[in-house]
Structure formats: structure tokens, C-alpha cells
Amino acid sequence: MIKCSIAVDIGASSGRLIAGYLENEVLKLQEIHRFENKLVRKGTYFCWEIGKLFEEIKEGVHQCHRLGLQPESIGIDTWAVDFLLLDEKDQPLTDAVSYRDPRTDGMIEEVSKLIPKERLYSKTGIQFQKFNTIYQLYSIKQNNPEVLNQAKTFLMIPDYLNFLLTGKKVNEYTNATSTQLVNAHTKEWDEEIITELGLNHEMFQEIQMPKTVLGTLREELVSEFGFDMKVILPATHDTGSAVVSVPEQEDTIYISSGTWSLIGVENTQPICTPDAMNYNFTNEGGMDYRFRFLKNIMGLWMIQEVKRNYNSQYSFGELVELARQAKDYKAIINVNEDRFMKPENMIQEIIASCLATGQLAPETPGEVAKCVYDSLAASYQEAISQIEGLVGRTFKQVNVIGGGCQNELLNELIANVTNKEIHAGPVEATAIGNLSVQLMALGHIEDISKARTIIKHSFEMKTYLPSKNQM
Ligand code: LFR
């Protein structure tokens, strides 16, 4: 049996288990299980089906073994900011409410009354997004204080899944920073902020770094699978794992392209200046205490919703093709407006936004898709000029990683709009970053720079140059 590690990578629209192992310094991947993830309405909230996600992870582990692979370790990453609160019997007190739920409307303003924005930013370096954990917790404090009174343990989504695997309760660092409660300078929970919000300090767990071997499987799981394995902390925030696998950092701006587009650079120090705050850049904690200085752009969520609103009549590939055919239509909307976070109907929202800005409304699926792609590219360009201004230098190339890097039209548009060379790949950046950290913890890869060299040699990248025949 081939020995491997398993990356569990769960995004907002799908999850996957990918097995990986090194063969002559080349990282080999094998997808072993893929499943859907989506928001479901439970009572008045939009939630994740956390129990189902755990069942899918178990199914994937069984499948790995059936395929003749022997996992030495497993590591989980998911989106950030969402969490569960457990009672004294370690039972969840609520469903796993999603960050897209409107329960946080108005909470940035409420929290700002207690902690001025400048102070919060200079301490944490984290962007102001209404869905951050801090605002979710504050919304619970205002509307369901009894839940917080009973809460003994705060675990983020991957922390909770790790708890189900091992019985150990810790908060992994990269994901913890997305709460806006971790101090960017001490890299620990910021006790002052927690006190000023009136939250209970005790529920926060010890912060542990990626590469930590958390433990082994609970006994019931060892009997169920018929084997044990190590549970290792990768960067449990998916974007943290994705950025581990950006092969070249020099002269490069990355775009981690999925449900969100995360655009930025890797730094060794946080930039918590008023300018960075005003442009709403974030300094998320990364591997080896590096920082991801980046901006959230609404991303492919918009096209996922457009597809859903057309009752999935067109595939993503077909929408791209239709957008290419709609080459005479052009309208640019501000994709980062709150109205696109969770609209009733994305197509109607796009039309309304075009009309409100005095532009022709898209009339066909191709025009709607073209508007989304053009607008995303325009938003990337704006973020790039902000990054260049904030860090005081220009960058030669853009490396698009993640599922979205397979969208050739979008890559061409980015090349044209930014006038930079675009490198696309790896597609499975998040799983690759997750696996690399596990392989480091197991002693198979020395460090992150060695991991990046291996990644560069193991996966194909495509290059797109700016063209004169712009769409
Ligand atoms: C991407 C991501 C982003 C985070 C958003 C919400 O999947 O993790 O980094 O801002 O989802 O958690």
C-alpha cells in the first residue's frame, strides 16, 4: 500500500479529500472523494450542515483505504470566520450559522461604538467585513445572550471537525486571526478586545500553529476505519493553505480564486497603517507567522449564484462561452458592494446595479456573465494599484491559484486589464498547501521554501500575456 497524507479541503460550494505523497521530490495527488457543500435554511438562519460534512470526511477516509492508499495523516482546512460554541458537555449550542447570514447587519457600527475602528485595526490588522467572527459573536451577545452564557468552548469550523476526529480542543492560528480578536503583534488572543466586548475569555482555546501534530484518532474512529493516523494542523484557513502553494513570491501578486477572490502579497510583518485600513486590506496570519496582506473581492460566488438563478441550465463552461460571444456588451459594476453578499436573485441585482449606475442592463445570460467577469477583472486591477501604493513597489506578474484559475476568459481579461503576465495554477492550491504542511510536520519536506520548489516542479502552470485584441 502506498503511504499518503489526506488533505480535507472544504469550500463554500464543495468539499474534497485529496491524497498526496512524494515520489522522487514530486508531489503526487489523487482525488479520493468530492461532495457538495451549500447553505441550508434552519429556522431563521442560513447554516452549514456540519454533521453531514463530518460524515463525508469519514466516507472519504474509507474510500482512501479502499483505493489502496494508507494514510499516515489527515489535515482539514475550510473557509474562515465561522464557529461553534459548545456547552459544558461539549455539545454544540447552536447550528453552524454561516457568515452570509444577515444576523451581522449593523454590527460593525455597534462594535465600533465600543472599540474605535482605528484601535481595532492597529491591534489586529484585520479588515472590516461584517461577517467577521467578532461581529457574529456580538450579534449573539445582543440577541441570544443565553447562548454565550452557556458557552464553554469556542471552536472554528476546522477546529470542531478536528475535535470530532481527536477529542482535542484547540484554536488553530491562521483561522483564529480571521476572528478579528487576535493581536497581530503578540499573535495571541487580544485580552483587551475580548474584555471590552464583554465576552468570556475562558471559551477561547490555546492557539496552536500549523504543522502541529494535534494527536491521533479517537478510539471509535480507529475501530471504524481499522487503522489510526495522525491529525495534523495545516493552515486550517483555506486561503492560508492556498497561499503556501504560490510557487514564486518574488515580484508576484497572488489571486486565490474560488467562491471569493483573495488578492494580495505575503509579508513578514503586518501593515496596520490608516491607509491600509481605509482601503480595507487585511493582515491574516499565515504559516511561520507570515502575513497575507490581501483584499477580499466578491469572486466567483457571483457566477455561482447566476448559474443557480438560471436553474443550472448552463454549465460554468457554457457561461464562459456565452460571455465570449457577448463581446460587444460592456458594463462594470462594483462587485464588492454589500448587495451582492446574499441577494435574493443575483441576476436581478446585477441588472439593478447596472441601471443605478447609468449603464445598459445585460439582457442575455452571456451579457450577465460578461458583466461579472469584466467587473471582477476591473476590481482586481483596482486592488493591484492599491497594493502597489501601500507596499511602495510594483509587481511584474499575477499568479492565479485555485479552481478559478481554470477560467481562461477571466485569465485573459486579467492580463489585459492589469497589463501584467498572468500565471495560472496550481488548480488544487489549497489541498496542495494543506498537504505540504502535513509533509513538513512528518519530516518529509524541510520547510516552506523547499515545499514551494517542489510545488513548482510538480504542477503545470499556464501563462497569459496581455494582448492587443482586448475584449
Ligand atoms: C475563502 C475564505 C476567505 C474568507 C471567506 C469567509 O474561502 O476563507 O478567505 O474571507 O472565505 O470565510
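Helix H16, residues 408–418, is largely enclosed by the rest of the structure, because eight of its 11 residues are buried. Buried here means that 20 or more other C-beta atoms, placed from the backbone, lie within 10 Å of the residue's own. Helices are DSSP runs of H or I of at least four residues, strands are runs of E of at least two, and both are numbered from the N terminus.

Before I go on, this is a predicted model, in which local features need pLDDT of at least 70, side-chain atom pairs count only at pLDDT 80 or more, and totals for chains, interfaces and linings use all residues. Residues are numbered from 1 along each chain as its sequence is written.

Back to H16. Its buried residues include Leu 410, Leu 413 and Ile 414, but also Asn 411 and Glu 412. The buried set packs against helix H15 (365–391) and strands E18 (397–401), E19 (421–424) and E20 (462–464); contact means C-beta atoms, placed from the backbone, within 7 Å. Just after the helix, Asn 419 has a positive phi of about 60°.

Last, a hairpin. Strands E2 (residues 14–23) and E3 (residues 26–36) run antiparallel, joined by 10 bridges; pairing requires at least two bridges found by DSSP. Ile 18 stands opposite Glu 31 in E3. Two residues lie between the strands, and Asn 24 takes a positive phi near 50°.

Note on methods: Buried ≥ 20, exposed ≤ 12 C-beta atoms within 10 Å, placed from the backbone. Contact = placed C-beta atoms within 7 Å.
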